Amino acid sequence: MGKLSDKEQIFTFAQYLIMINNRKLVVVLPAYNAEKTLEQTYKEIPFDIVDEVVLVDDASRDKTVEEAARIGIKHVIKHEKNKGYGGNQKTCYNKALSLGADIVIMLHPDYQYTPKLIPSMANIIAQDLYPVVMGSRILGKGALKGGMPMYKYIFNRCLTLTQNILIGQKLSEYHTGYRAFSREVLETIPFDRCSDDFVFDNQMLSQIFMAGFEIGEITCPTKYFEEASSINFSRSATYGMGVLKTSLVHLFQRMGLIHSPLYEMKKKKV
């Protein structure tokens, strides 16, 4: 296939602009020791629709920050002390909002998730189909095909089933790290009240559902390899207990048995 002519390139670009309704799209990269995979991830980001990229380095022990500067990432924030996976995301989202983002997509810079799904995820939000979109590794058997260890797959399925029952939803998984949000969602839920650890992801989803937002899912292939980030069995067990606690708190809040500050929304859903 030959190279597109200037006229074809302009037409293609115009199609993309129409697709995302001229909304500002910011991709955030929560990074920790991502030096080896950052460039590969960054090169696949579709910059014909992505306006800004933000990398937040959580006190990495490698040269992630230097690599980010070398490949040309404009917005790089370095935590002098490790704030945890949740703490990293808080910085990511607050920075994206300060840049005027209408749509924010979190992409792990370890190349476990493909950046090629960014247009699809952004389009779903831009067309007002769903205000939140998650790339599911479970739909389409992407997890096992991509090399997810069997014990993690079983752990994922059992946790997700329990969460769906307690929270009253029907997600295929709650544990993917590939997520897209509308500005309205991030301005409504108090994500800064969530944990700084890995359970942040599940607390944030709980807030989203409690606020009355719906979540869409798309099939996402994933890759498991040496450089891809992962937590060990001990951390997984701790994470699992935190997930179950979050689901129970959600249930009790929904039943009116408790009033958790986790659900004190920043503003009412429009």
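Colleague: Is Lys78 buried, partly exposed or exposed?

Modeller: This is a predicted model. In it, Lys78 has 38% relative accessibility, so Lys78 counts as partly exposed.

Colleague: Which side chain does Lys78 meet in a salt bridge?

Modeller: The partner is Asp57, with an N to O distance of 3.4 Å. Asp57 belongs to strand E2 and Lys78 to strand E3 (residues 75-78), so this pair ties together parts that are 21 residues apart in sequence.

Colleague: And Asp57, is that buried or exposed?

Modeller: Asp57 is buried, because its relative accessibility is 0% and the cut-off for buried is under 20%.

Colleague: How many salt bridges does the structure hold?

Modeller: There are 12 salt bridges. One of them joins the side chains of Glu52 and Lys24, at 3.9 Å from N to O. That pair links distant parts of the chain, 28 residues apart: Glu52 is in strand E2 (residues 52-57), while Lys24 is in the loop between helix H1 (6-19) and strand E1 (25-31).

Colleague: Why does Glu52 count as buried?

Modeller: Glu52 counts as buried because its relative accessibility is 16%, and buried means under 20%. Lys24, at 24%, counts as partly exposed.

Colleague: What about Glu187, which side chain does it meet in a salt bridge?

Modeller: Glu187 meets Lys267, at 3.4 Å from N to O.

Colleague: Which residues do salt bridges with shared partners join into one network?

Modeller: That network consists of Glu39, Lys43, Glu67 and Arg70.

Colleague: Let us change topic. Which residues touch the most other members of the largest nonpolar core?

Modeller: They are Val28, Tyr93, Met204 and Ile208, in a core of 34 residues. Among the elements that give two or more residues to this core are E1, E2, H8 and helix H9 (200-210).

Colleague: What does Ile208 touch?

Modeller: Leaving aside residues up to four places away in sequence, Ile208 touches Val132, Phe181, Val185, Ile189, Phe213 and Ile215.

Colleague: How many residues are in the second, separate core?

Modeller: The second core has 32 residues, including Leu25, Ile118, Ala180 and Cys220.

Definitions and conventions
Residues are numbered from 1 along each chain as its sequence is written. This is a predicted model: local features need pLDDT of at least 70, side-chain atom pairs count only at pLDDT 80 or more; totals for chains, interfaces and linings use all residues. Side-chain values use heavy atoms; hydrogens and water are left out. A salt bridge is a side-chain nitrogen of Lys or Arg within 4 Å of a carboxyl oxygen of Asp or Glu. Helices (H or I, at least four residues) and strands (E, at least two) are DSSP runs, numbered from the N terminus. Buried means under 20% relative accessible area, exposed over 50%, partly exposed in between (1.4 Å probe, protein chains only). A nonpolar core is a set of buried Ala, Val, Leu, Ile, Met, Phe, Trp, Tyr and Cys residues joined through side-chain atoms within 4.5 Å. Contact means heavy atoms within 4.5 Å.
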